Amino acid sequence: MQLPFDWTRPWDVEWAGHPNWYFLVSKFSIPWLSRGPGSHPVVPPAVFVDEFLEGDGRTELERAGVALPPGSAPETVYKDLLLKPLFSFAGKGIEFDPTQAQLEAIPPVSRAGFLLQQRMHFEPTIETPQGLTQAEIRILYLWPDGGSLTPALSLVRLGRGKMMGVDHNRNQEWVGASAAFFPGCLDT
């Protein structure tokens, strides 16, 4: 198969630098993409913990349709939310069903570094020899100046745990990573 590009040729491209730039774009942008006039329904509603505890974050989540329990006693459990540190990798530090006490235990100066995001529930849909498996599809797009957004690389994550990824699917078969193909990408 002949690829439509040559890796050995010099390319005039711009690359993302430090990994924190990815996390800043990826997680930090979620609250801005999930509310307001530019919001999109595929972005799960999210707010920063400081907004939730000290601002209008709770109202923003309820307005977006997230079911929150009444009150804010220390034992209150937020079953439809995930607590996520902004600068983490591979699901490290993510808390399912955070409590009000957990949120309040984050020092006030650090609360802007954490998200509360609506939990997405994966639906098992892929038939495997071990039974139905969940899938998450991630796509890397290229967007050249003046050009159009083009899918370039895919990653399909398979799992049966609460989250995708190796750490959350230990001792299971037919989980991990796979690939997806885009229509027309294999044309020769």
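Let's start with Arg58, which is found in helix α4 (residues 57-63); helices here are DSSP runs of H or I with at least four residues, strands are runs of E with at least two, and both are numbered from the N terminus. This is a predicted model, in which local features need pLDDT of at least 70 and side-chain atom pairs count only at pLDDT 80 or more, while totals for chains, interfaces and linings use all residues. Residues are numbered from 1 along each chain as its sequence is written, and side-chain values use heavy atoms, with hydrogens and water left out.

Arg58 has a relative accessible area of 19%, so Arg58 is buried (under 20% relative accessible area; exposed is over 50% and partly exposed in between, with a 1.4 Å probe and protein chains only). A polar atom of the Arg58 side chain lies 2.4 Å from the backbone oxygen of Pro69. Leaving aside neighbours within four places in sequence, Arg58 is in contact (heavy atoms within 4.5 Å) with Glu51, Phe52, Leu68, Pro69, Pro70, Gly71 and Tyr78.

## The nonpolar cores

A nonpolar core is a set of buried Ala, Val, Leu, Ile, Met, Phe, Trp, Tyr and Cys residues joined through side-chain atoms within 4.5 Å. The largest one has 12 residues in all, including Val47, Phe52, Leu61, Leu68, Tyr78 and Leu116. Helix α3 (49-54) and strand β2 (81-85) each supply at least two residues of this core. Apart from it lies another core, of six residues, among them Ile30, Val43, Ala46 and Leu86.

Leu68 is worth a visit too: with neighbours within four places in sequence left aside, Leu68 is in contact with Phe52, Arg58, Leu61, Glu62, Tyr78 and Leu81.

## Phe48 in strand β1

Next comes Phe48, found in strand β1 (residues 46-48). Phe48 counts as buried because its relative accessibility is 5%. Beyond neighbours within four places in sequence, Phe48 is in contact with Phe28, Pro31, Trp32, Leu86, Ala112, Phe114 and Leu115. Phe48 and Leu83 are 35 residues apart in sequence, and their C-alpha atoms are 9.4 Å apart in space.

## Strands side by side

Now for some strand pairing, where two strands pair if DSSP finds at least two bridges between them. Strands β6 (residues 131-142) and β7 (residues 150-159) run antiparallel and are joined by nine bridges. Here Arg138 stands opposite Leu155 in β7.

Strand β7 also pairs with strand β8 (residues 176-178), in the antiparallel sense, over three bridges. Along this pairing, Arg157 stands opposite Ala177 in β8.

Key:
Polar contact = N/O pair within 3.5 Å; in protein donor to acceptor, adjacent residues only side chain to side chain.
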